[in-house]
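Hello,

Here is the model I promised to pass on to you.

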Amino acid sequence: MRRTWYVLVLFSMLAGLGFAGTMHGVASAEESKLQISDIAGRNTYLMSDGSMWSLIDGRHAIRTPGKVAAISGYEYRGIGMTQDGRLVKWDIGKGPEVVPGTSGVKQIAGSYWLKSDGTVWFEAQKANNLSGILLIADADQEFAALSSNGELLLEDNYKKDQFKKLGIVENPVGVKSMTVHSGRVALLRDNGDVVVYETSNFDDNGRITPVTVAQNAAHIVYVSNEPTDLLIVTLQDGTVWTTGVYKDRWKLKEQVAGLSGIVRTSIYGNAKDLSEGFYAQRADGSWIHHMNGQNKSV
């Protein structure tokens, strides 16, 4: 009975997703060339051909053929976007499925998605008081947005759809990516500069003072840490660094030993700190899991 149920779930998931392709017990020659494009959590991988591995019922890993371009979440729940701008969802009870009626998705972050018209959406609802948005970031129950006129906005944790303006970012189209955590928003610019806006770092007039914490960066992501949250910065030379604590949070303090030739990192979608380590992608496309100074191939 359990086997029949599992087969029915798998069949309905594939049919509902509307993806072409079949499941293979043995990888073909073409499949052997596949690489992991992104990682959301254990056994939750986006592949280079647009297919996706995910967990069903919390134990079985399944691969769903498709054309997924990006994913955000963790092993038990998340969202993604297809190459043609449709929204995808998955959870512990089902594999990834395209959400009917969605289109124009430009970026996903946490549980939010940004459409090409500059609107932001969450759980099928359009966010109020946001328009003309270029980039979004969502992590640790915090949401930030960068508008086309340069406004950097951070949502009030106690007042939904109310935003605090952290500052005006010059040349907002020159911002490559952003990450948010505990009252801090870090921007990665096209020139490799990493600029941090922190709600507690302001001048005598109450204006938040942006601080450049790194240069020649390729990728950034925040992670929880005591007593000060860390910014993990992958530099263009392939090394990985973290910012320090207290006053050292404004500079790259420690190089992560044992990592070289890295282009980006990925933390567990529901990670509270670095106790479970993090993933790192090499320049050749391969991934490793780094924890306590040790590397393990994914």
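What follows is a short tour of the strands, the nonpolar cores and the aromatic rings.

First, some housekeeping. This is a predicted model, in which local features need pLDDT of at least 70 and side-chain atom pairs count only at pLDDT 80 or more, while totals for chains, interfaces and linings use all residues. Residues are numbered from 1 along each chain as its sequence is written, and side-chain values use heavy atoms, with hydrogens and water left out.

**Hairpins**

Strands here are DSSP runs of E with at least two residues, numbered from the N terminus. Two of them are called paired if DSSP finds at least two bridges between them.

Strand 1 (residues 36-41) is largely enclosed by the rest of the structure, because 5 of its 6 residues are buried. Buried means under 20% relative accessible area, exposed means over 50%, and partly exposed is in between (1.4 Å probe, protein chains only). Strand 1 runs antiparallel to strand 2 (residues 44-47), and 4 bridges join them. Ile39 stands opposite Tyr45 in strand 2. The two strands form a hairpin with 2 residues between them, and Asn43 in the turn has a positive phi of about 60°.

Further along, strand 9 (residues 105-109) and strand 10 (residues 112-115) pair in the antiparallel sense over 4 bridges. Ile108 has Trp113 in strand 10 as its bridge partner. This hairpin has 2 residues between the strands, and Gly110 takes a positive phi near 60°.

Strand 10 also pairs with strand 11 (residues 120-122), in the antiparallel sense and over 3 bridges. Here Trp113 stands opposite Trp121 in strand 11. There are 4 residues between strand 10 and strand 11 in their hairpin, where Gly118 in the turn has a positive phi of about 90°.

In which order do the 4 strands of the open sheet lie? The order is 13-14-15-16, with antiparallel pairing. Strand 13 and strand 16 are the edge strands, each pairing on one side only. From one strand to the next, the twist averages 25°; for such angles, axes are lines fitted to C-alpha atoms (for helices over the stretch in contact), and the angles run from 0 to 180 degrees between N-to-C directions. Strand 13 and strand 14 are joined by 6 bridges, and Ala139 stands opposite Glu142 in strand 14.

**Nonpolar cores**

A nonpolar core is a set of buried Ala, Val, Leu, Ile, Met, Phe, Trp, Tyr and Cys residues joined through side-chain atoms within 4.5 Å. The largest one has 16 residues, and those with the most contacts inside it are Leu152, Met178, Val185, Leu187 and Tyr197. At least two residues of this core come from each of strand 13 (133-139), strand 14, strand 15 (151-156), strand 17 (175-181), strand 18 (184-189) and strand 19 (194-198). Strand 17 gives the most, with 3 residues.

Leu187 is worth a click in your viewer. Leaving aside residues up to four places away in sequence, the residues that Leu187 touches include Leu152, Val169, Met178, Tyr197 and Ile220, where contact means heavy atoms within 4.5 Å. A second, separate core has 14 residues, among them Leu188, Ile220, Val233 and Trp250.

**Aromatic rings**

A pair of aromatic rings is described by the distance of the centres and the angle of the planes. Rings of Phe, Tyr and Trp (its six-membered ring) pair if their centres lie within 6.5 Å; planes under 30 degrees apart count as stacked, over 60 as edge-to-face and the rest as tilted.

The structure holds 4 aromatic pairs. Tyr74 and Tyr76 form an edge-to-face pair, because their ring centres are 6.1 Å apart and their planes are at 85°. Tyr74 counts as buried at 18% relative accessibility, whereas Tyr76, at 34%, counts as partly exposed.

Phe143 and Phe163 are also an edge-to-face pair, 6.3 Å centre to centre with 65° between the planes. Phe143 lies in strand 14 (residues 142-147) and Phe163 in strand 16 (residues 159-168), so this pair ties together parts that are 20 residues apart in sequence. Phe143 is buried at 2% relative accessibility, and Phe163 is partly exposed at 22%. Together with Tyr112 and Phe122, Phe143 and Phe163 form one aromatic cluster.

Best wishes
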